[in-house]
Amino acid sequence: MFRKIVLTLPLAMAIGHAGAAENYTEMAQDEILRALIDKTGSAYLGQSPQNLQMMPDNPAYWVAEDGAELFNTARGPNKVTLEECDFGKGPGVLEGAYVELPRYFEDTGKVMDLESRLVHCMTTLQGFDKDDPAVNKRHGSDSDMMKLQTYIAMQSNGMAWNPPMSHPLEKAMRDAGEVMFYRRSGPMDFSCQSCHTETGKRIRASTLPNIHEPEEWSKAISWPAERAGQQNVRSTEHRLRGCLWQMRHPGIVPGSDASIALISFWTDAARGQPAILPDLKR
Amino acid sequence: MLKKISGTAAVAALTTMVLAAGLLHAAAQGDADKADAVDYTSMTPEALAEHLIFKTGSFKTDQPVQEGGVAGKRLEQDETQRLCSALRDQPVDGDTAGKVSALARASIKYPEGGIKLGDWKVGRELAWSGFGYRVGHRNDDHSQAANGPGGNCYNCHQLATDRTGGSIGPALSGYGKLRGSGEAMLKYTYDVIYNAHAFFPCTKMPRMGANGVLSDEQISHIMAYLFDPESPVNK
């Protein structure tokens, strides 16, 4: 009997270990969140049972469907699809592309996030003018930009955040973003740190994510996400804009190097944790 | 922290040497300064951050702001902000605490006629209101706020129990009831609202008076909300 236990023990441990670590990519978004809540007991992650219940009916899934159609439609003056667009893992490769952004791109010599890469492909490959509403309208579930971003990001659901840090420019941007994270300024003396480096703290009734708790931070940065109270799917740049607005800092230009530096740092902070894409938030 | 900067700079320098030329990155961003190409990888993170903030057109710095002037001014740091930012996640050290609290005490201005308690009902609204000073895609129009921009106290503090306050700062429920409203307590409270760094160097609390967020009159109403026995805070 003893021998039987000894032999099954490594097998049980192997199954248990594999089940805990690798299943996220096969999980629905709410299952991933439940797993993270079970793992951590985080007040931030578990603050809304109602939200968890609504996740299977996330309106963002419809937006992603629209995005899939747009992606595969020949559009713009050049009448091509976005299948030739390289999001970092090769032209048209979407699986796992979003969790490896921002990253350095040889063709532009810049570190780019999804939004700026999409703008690049829509203008250079499809030939849209940068002021064309298809490119310029960045917010709202009815925008091409949000449909495409939601679709593309969804192809990374459950995958570990893994922005590359091998190129010196990637590291430089990430490190500058870290300095900016801690940089207090403006009439309220706020920095990102003012709200995001302690666990379980609340602004009014909302529990805040701590950047030093990777499981919390993974949900925090899981955008695009449907904002239930705003009835629209919102992007990473939209979230950044909202933060800076509340901090009483000046508005930021989406796709600007300062915005990429911050997004770079905050994505690196969630490294290894499963992304929840698209997410549902209040 | 100094050690960390050296390490990062050393790695950046070494990597640059190893990879030789070809790592220049154009600084130009739309309407930004079309300077000579700037090598981000040869800058320290601190220098690059300042560069990104001020030299790349990343922020909408020319927007007019409610206090007058333009938004770019809000990105400049004063000594208190600079010293406190350098701490990152570390608790304040004695040297920084000394400098910051001295700066804070020197900044405090008392109202003409002395510290007075105003109307707690106005203070209640000011403590709840998060309106004011926001710029960017939507600018708060202060002429639309009957009592002026709010103090947003409930953002971080629990005050009266009829509304939900945050937990970033200590709970202030029963503030006046627990402390009484003697002269020393009034002065201490005024000082904390005006510039909390006087007592809590590198606190997260905004410098409501010193930064011009709240007027003398507004502070008097908020203090009434804290001290008046009739205020819900003390019920």
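User: Which residue stands opposite A:Arg227 in β6(A)?

Analyst: A:Asn232 does. Bear in mind that this is a predicted model.

User: What makes β5 and β6 of chain A a pair, and in which sense, parallel or antiparallel?

Analyst: Pairing takes at least two bridges. Strand β5 (residues 225-227) of chain A and β6(A) have 3 bridges, in the antiparallel sense. They therefore count as paired.

User: What is the strand order of the sheet with β5 of chain A?

Analyst: The order is β6-β5-β7 (chain A), in an open sheet of 3 strands with mixed pairing. Neighbouring strands are turned by 35° against each other on average, direction ignored.

User: Why are β6 and β7 of chain A said to stand at the edges?

Analyst: β6 (232-234) and β7 (279-281) each have a single partner strand, so one side of each lacks a neighbour in the sheet.

User: How do you know that chain A touches chain B?

Analyst: Contact requires C-beta atoms within 7 Å. By that test, 41 residues of chain A are in contact with 52 residues of chain B. On the chain A side, α8(A) gives the largest share, 8 residues. That side divides into 18 nonpolar, 11 polar and 12 charged residues.

User: Which members of the largest nonpolar core touch the most other members?

Analyst: The core has 74 residues, and A:Tyr98, A:Ile152 and A:Met180 are among those that touch the most other members. Leaving aside neighbours within four places in sequence, A:Ile152 is in contact with A:Phe87, A:Leu94, A:Ala97, A:Tyr98 and A:Leu114. A second, separate core of 27 residues includes B:Tyr154 and B:Met208.

Terms used:
Residues numbered from 1 in each chain as written. Chains lettered and ligands numbered in written order. Predicted model: local features only at pLDDT ≥ 70, side-chain atom pairs only at ≥ 80, totals over all residues. Contact = placed C-beta atoms within 7 Å. Helix = DSSP H or I, 4+ residues; strand = E, 2+ residues; numbered from the N terminus. Nonpolar A, V, L, I, M, F, W, Y, C, P; charged D, E, K, R; others polar. Axes fitted to C-alpha atoms, helices over the stretch in contact; angles between N-to-C directions. Core = buried A, V, L, I, M, F, W, Y, C linked by C-beta atoms within 7 Å. Buried ≥ 20, exposed ≤ 12 C-beta atoms within 10 Å, placed from the backbone.
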